[in-house]
Amino acid sequence: MTKNLMSIDTALLEIRALIYKLVSVGFLYPDDAWQKRMLGLIEELDKIGDSSEATEFFKTIKDDFAKIHGFFLSSSNVLEELQEEHFRLFGPDPVCHLDIAHWAQGDVFMQSRKMAEMAGFYRAFGLDMNEGLRVDNLSVAFEFLSYLCLKILHAENVGADNHLETTEKAMNSFRDEFVLPGLDRFVQSIKTNSRTGFYEVIGILAKKEIR
């Protein structure tokens, strides 16, 4: 995502926000409500992807959506399988930590400082942590990126160029400083340890979109 977002059309901004949201929700614990949210996001992305403005971009990621959707159609007990996989990968004794600090380089002091800086980003945009998750949880980070993308979309729609530029800089900084440094190692760990393949696809989608 190195393009200047001020030059990207509305359809692509909407897709980017939805992809971040899909990744964020995808790493949460899977239950019935979670499944409905995931299927709803996939449906929204399919509708936007049919627009002529987004066709070329959507081609690069459409197969990933198809794979994610396919998991929900693969068996009658897919939710139980994903619950077991999620617990094994990300539970109390995780194989793949969802906390960014675990994958980032540096000592404990540096990691603590990064977490404080991430919390500062959230507060700067009027957001509070109230779900019991760490500020550096990957699901939280991608939710924040989705939120920033929607703010950019809103600023573009109302012609607020100053807010658009400020939010774009914040999103690029947050992505480059906090999410990207450890993302490759995190996704590689999922590839190595995933059994169903579902979370591997979510991780691959995260890497494709966040570049």
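**An enclosed cavity and a buried glutamate**

The largest cavity has a volume of about 30 Å³, the volume being the space filled by probe spheres set on grid points joined across faces, edges and corners. A cavity here is a set of points, on a 1 Å grid over the protein atoms alone, where a 1.4 Å probe fits but cannot get out, and lining residues have an atom within 4 Å of a point. The structure is a predicted model, in which local features need pLDDT of at least 70 and side-chain atom pairs pLDDT 80 or more, while totals for chains, interfaces and linings use all residues. Residues are numbered from 1 along each chain as its sequence is written, and side-chain values use heavy atoms, without hydrogens and water.

The lining of the largest cavity is formed by Ile-100, Trp-103, Leu-138, Val-179, Gly-182, Leu-183 and Phe-186. Helix α9 gives the most, with four residues, and both α6 (100-103) and α9 (161-193) supply at least two; helices are DSSP runs of H or I with at least four residues, numbered from the N terminus.

Elsewhere, helix α5 (residues 78-90) holds Glu-85. Glu-85 counts as buried because its relative accessibility is 4%, where buried means under 20% relative accessible area with a 1.4 Å probe and protein chains only. Leaving aside residues up to four places away in sequence, Glu-85 touches Ser-194, Arg-195, Thr-196, Gly-197 and Tyr-199, contact meaning heavy atoms within 4.5 Å. A polar atom of the Glu-85 side chain lies 2.9 Å from the backbone nitrogen of Arg-195.

Cys-96 is also buried, at 0% relative accessibility, and Cys-149 is buried at 0%.

Terms used:
Buried < 20%, exposed > 50% of the residue type's maximum accessible area, 1.4 Å probe, protein only. Polar contact = N/O pair within 3.5 Å; in protein donor to acceptor, adjacent residues only side chain to side chain. 1 Å grid on protein atoms, 1.4 Å probe; cavity = no way out; pocket = protein on both sides within 12 Å on 5 of 7 lines; lining within 4 Å.
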